[in-house]
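This report covers helix ends, ring pairs, side-chain contacts and charge pairs. Please look over the sequence and the structure before reading on.

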Amino acid sequence: MGDRQAIWQWFNTIDKDRNGTLDVMELQKALALGGLNFSLKTVQAMMRLHDKDGGGTIEFPEFEKLHLWLTGINNAFKQHDADRGGSLDKAETQKAVVTAGYRLDPPSFEALFRSFDPDRSNSLCLAEFVAMSTFLQGAARTFHAFDAQRTGRISLDFSQFVYAASNVM
């Protein structure tokens with residue numbers, strides 16, 4: 001119960017306009033207060049994942065679920081950071097991706113890793129790992145929306161592809 005109270009206080013601290021919801025700018029500031037600095041695009045993707053009513057803002061229950069999700073991502077990061085160096089190398093990242101249930105062939109994993117390693121350090125810090133996890137979850141949701149029979153394969157026309165691509169990040 002203490003954690004929930006702390007999350008509630010954090011929510012109220014960042015809800016500057018006191019409307020009971022957080023918009024993307026307020027959420028970005030909240031994450032920065034927690035030491036996670038993300039681009040607006042990444043924060044918008046996180047918001048889409050957790051904004052269950054699609055209103056473009058998140059209320060406290062959604063914020064609480066986002067907090068739990070981020071805690072899970074943080075725990076996965078720590079679990080796979082074998083040398084405790086504060087970053088995941090490519091092999092550690094691949095293990096984390098597999099543990100999370102994503103099956104990617106080597107070229108797809110390489111492309112994914114490169115996309116979230118902008119400084120080409122061959123490692124991901126926590127913020128980069130969270131951004132990658134956000135992308136993967138959004139991609140999985142979008143893919144599953146088109147894979148009604150759960151075959152692992154989809155067929156899209158160009159309009160559907162544009163829709164799907166624009167909803168991932």
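## Helix 2

At the start of helix 2, D23 places a side-chain oxygen within 3.0 Å of the backbone nitrogen of M25. This report treats a polar contact as a pair of N or O atoms within 3.5 Å; within protein, one must be able to donate a hydrogen and the other to accept it, and residues adjacent in sequence count only if both atoms are side-chain atoms. Helices (H or I, at least four residues) and strands (E, at least two) are DSSP runs, numbered from the N terminus. The model is predicted: local features need pLDDT of at least 70, side-chain atom pairs count only at pLDDT 80 or more, and totals for chains, interfaces and linings use all residues. Residues are numbered from 1 along each chain as its sequence is written, and side-chain values use heavy atoms, with hydrogens and water left out.

Helix 2 spans residues 24–33, and its buried residues are V24, E26, L27, A30 and L31. They sit on the same side of helix 2, because they cover an arc of only 155° around the axis. The arc is taken from the directions from the helix axis to the C-beta atoms. Buried means under 20% relative accessible area, exposed over 50%, and partly exposed in between (1.4 Å probe, protein chains only). The exposed residues K29 and L33 are on the face turned away from the buried side. Just after helix 2, G35 has a positive phi of about 85°.

## Annotated segments

UniProt, in an unreviewed entry, lists "domain: EF-hand" for residues 2–37, 38–73 and 104–139. UniProt positions follow the numbering used here, feature names are shortened, and annotations may be inferred rather than shown by experiment.

Residues 38–73 are 69% helix and 6% strand, with the end C-alpha atoms 15 Å apart. Residues 104–139 are 67% helix and 6% strand, and there the end C-alpha atoms are 12 Å apart.

## Aromatic pairs

How many aromatic pairs are there? The count is nine. Rings of Phe, Tyr and Trp (its six-membered ring) pair if their centres lie within 6.5 Å; planes under 30 degrees apart count as stacked, over 60 as edge-to-face and the rest as tilted. F11 lies in helix 1 (residues 2–14) and F63 in helix 4 (residues 60–80), so the pair ties together parts that are 52 residues apart in sequence. F11 and F63 are both buried.

F116 and F135 also form a tilted pair, because their ring centres are 5.8 Å apart and their planes are at 45°. F116 is in the loop between helix 6 (106–115) and strand 4 (123–124), while F135 is in helix 7 (residues 126–146), so the pair ties together parts that are 19 residues apart in sequence. F116 is buried at 12% relative accessible area. F135 is partly exposed at 26%. One aromatic cluster consists of W8, W10, F11, F60 and F63.

L66 belongs to helix 4. Why does L66 count as buried? Its relative accessibility is 1%. L66 touches L27, M46, H50 and I58, leaving out residues up to four places away in sequence. Contact means heavy atoms within 4.5 Å. L66 and D51 are 15 residues apart in sequence, and their C-alpha atoms are 9.3 Å apart in space.

Q137 lies in helix 7. Q137 is buried at 17% relative accessibility. Leaving out residues up to four places away in sequence, Q137 touches L49, W69 and Y102.

## Salt bridges

Side chains of opposite charge can pair when their charged atoms come close. A salt bridge is a side-chain nitrogen of Lys or Arg within 4 Å of a carboxyl oxygen of Asp or Glu. The whole structure has two salt bridges. R4 forms one with E64, the closest N and O atoms being 2.8 Å apart. R4 lies in helix 1 and E64 in helix 4, so the pair ties together parts that are 60 residues apart in sequence. R4 is partly exposed at 40% relative accessible area, whereas E64 is buried at 17%.

K90 forms a salt bridge with E110, with the closest N and O atoms 3.0 Å apart. K90 lies in helix 5 (residues 90–99) and E110 in helix 6, so the pair ties together parts that are 20 residues apart in sequence. K90 is partly exposed at 27% relative accessible area. E110 is partly exposed at 28%.
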